[in-house]
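Thanks for coming. Please have a look at the sequence and the model before I start.

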Amino acid sequence: MKNYNWACIGCGSIANEMAQAMAQKGKRFYCVASRTKSNAASFAERYGIERVYDSAEDVFADENVDIVYIATPHNRHVEHIIKAANSKKHILCEKAITLNSDELELAVQACRKNGVILAEAMTIYHMPVYKKVYELMQNGRLGQPKVVEVNLGSNKEYDMTNRFFNPDLAGGAMLDIGVYALSFACCFAHFAPVDKKSTVTLAPSGVDEQETILLADDSGKIANVTLSLTAKLPKLGIVSFENGYAVFDNYNRAHRVTVQFNDGTQTVAESDPEVSPLVYEIEDMETAVSGGENKMMLDNTVWVMAQMTKLRREWGIVYPEEK
């Protein structure tokens with residue numbers, strides 16, 4: 001496989017994790033850019049990156065860049081995705097990939113027009129233990145999924161100016177952590193909800209600070225999702241099937257899954273906990289870019305964004321860019 005040149009836009013904590021995952025693969029970013037050049041320079045020095053650009057536009061103009069990794073605030077994602085696509089760059093974008101479904105549709109259209117891969121950086125879609133459960137589904141051992149239970153919550157500093165609660169930074173539980181929980185549900189059941197109910201608590205800033213969401217469809221599948229930015233919740237994902245259930249602890253970075261079958265037998269699948277989950281994203285992205293199997297699950301991303309957009313609109317949460 002070709003040695004692809006990756007560019008990094010944004011130098012926050014997740015970008016640092018991606019640079020470390022690159023190092024595990026024996027790779028490094030080809031170039032980096034940030035809103036503050038000094039931050040980009042420090043990032044480059046830390047990870048041995050040779051090229052530091054003044055702006056994202058300089059990255060897009062570099063003909064040697066193959067894949068752009070976007071780790072900027074998510075209210076800037078659609079702008080960067082479209083510019084990268086128009087520059088014929090493949091794109092791996094941090095979650096949430098856009099603010100809403102309308103933005104995502106524009107991004108998808110730009111990528112299709114330019115013949116480039118677009119993907120959301122969602123660890124759940126690439127971790128080996130998930131693939132083990134898919135195998136058990138496909139070979140009929142587990143049967144059909146029936147119930148999904150998934151939680152995610154943390155106790156954030158109750159500061160309405162930080163990125164978790166600030167509407168100017170597209171804050172709120174849904175886009176920050178809900179994308180993980182709904183992606184988990186989508187992995188096992190593409191709900192076409194005939195019934196969607198929710199309850200939400202809004203922060204003083206007007207964004208969602210916690211919520212419970214119930215999805216159901218005509219086949220009888222249901223999913224219960226609970227999110228909070230003000231209470232620590234276990235990162236627990238459970239899928240109940242006709243013939244057993246699977247428990248993913250720390251499901252957004254899961255290295256272990258326990259599958260309990262109705263007949264009393266059990267199987268455990270594990271992956272190396274020393275390997276960053278982002279390594280699997282890198283591998284699957286490069287495979288897709290090379291023309292191999294595309295495991296980036298853009299259809300799942302589109303479904304998840306549609307649910308998040310509908311729910312926020314029901315709750316009356318509108319970000320400044322959407323007005």
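A salt bridge, for this talk, is a side-chain nitrogen of Lys or Arg within 4 Å of a carboxyl oxygen of Asp or Glu. Keep in mind that this is a predicted model. With that definition, a search of the whole structure gives 18 salt bridges.

I will take three of them in turn. The side chains of R253 and E17 form a salt bridge, at 3.0 Å from N to O. This pair links distant parts of the chain: E17 is in helix 1, R253 is in the loop between strand 13 (244–249) and strand 14 (256–261), and they are 236 residues apart. E17 counts as partly exposed, at 28% relative accessibility.

Next, K131 and D284, whose side chains meet in a salt bridge of 3.5 Å, N to O. K131 belongs to helix 6 (residues 128–138) and D284 to helix 8 (residues 277–289), so this pair ties together parts that are 153 residues apart in sequence. Are the two partners buried or exposed? K131 is partly exposed, with a relative accessible area of 28%, while D284 is buried, with 8%.

D176 lies in helix 7 and R163 in the loop between strand 7 (145–155) and helix 7, so the parts tied together here are 13 residues apart in sequence. D176 is buried, with a relative accessible area of 15%, and R163 is partly exposed, with 47%. There is also a network of salt bridges, which links E57, R76, E79 and K83.

The charged end of R141 sits over the ring of F261, 3.6 Å from the ring centre.

Now to the nonpolar side. In soluble globular proteins, nonpolar side chains tend to be buried together. The largest nonpolar core here has 85 residues, and V59, I91, Y130, F184, F188, F248 and Y251 have the most contacts inside it. Which helix gives the most to this core? That is helix 7 (residues 173–188), with 13 residues. As for F184, leaving aside neighbours within four places in sequence, its contacts include I124, Y130, V148, G237, F248 and Y251. Another core lies apart from this one; it has 31 residues, among them Y4, F43, A44 and Y69.

On to the rings. The structure holds 13 aromatic pairs. One of them is F188 with F241, an edge-to-face pair with 6.3 Å from centre to centre and 85 degrees between the planes. F188 lies in helix 7 and F241 in strand 12 (residues 236–241), so the pair ties together parts 53 residues apart in sequence.

Last, helix 2. Its residues run 37–47, and the buried ones are A40, F43, A44 and Y47. Why are these four on the same side of helix 2? Because they cover an arc of only 100 degrees around the axis. The buried residues of helix 2 pack against strand 1 (6–9), helix 1 (13–24), strand 2 (31–33) and strand 3 (51–53). After helix 2 comes G48, with a positive phi near 65 degrees.

That is where I will stop.

Methods: Residues numbered from 1 in each chain as written. Predicted model: local features only at pLDDT ≥ 70, side-chain atom pairs only at ≥ 80, totals over all residues. Heavy atoms only, no water. Buried < 20%, exposed > 50% of the residue type's maximum accessible area, 1.4 Å probe, protein only. Helix = DSSP H or I, 4+ residues; strand = E, 2+ residues; numbered from the N terminus. Arc of directions from axis to C-beta. Contact = heavy atoms within 4.5 Å. Core = buried A, V, L, I, M, F, W, Y, C linked by side-chain atoms within 4.5 Å. Phe/Tyr/Trp six-rings, centres within 6.5 Å; stacked < 30°, edge-to-face > 60°. Lys NZ or Arg CZ within 6 Å of the ring centre and 35° of its normal.
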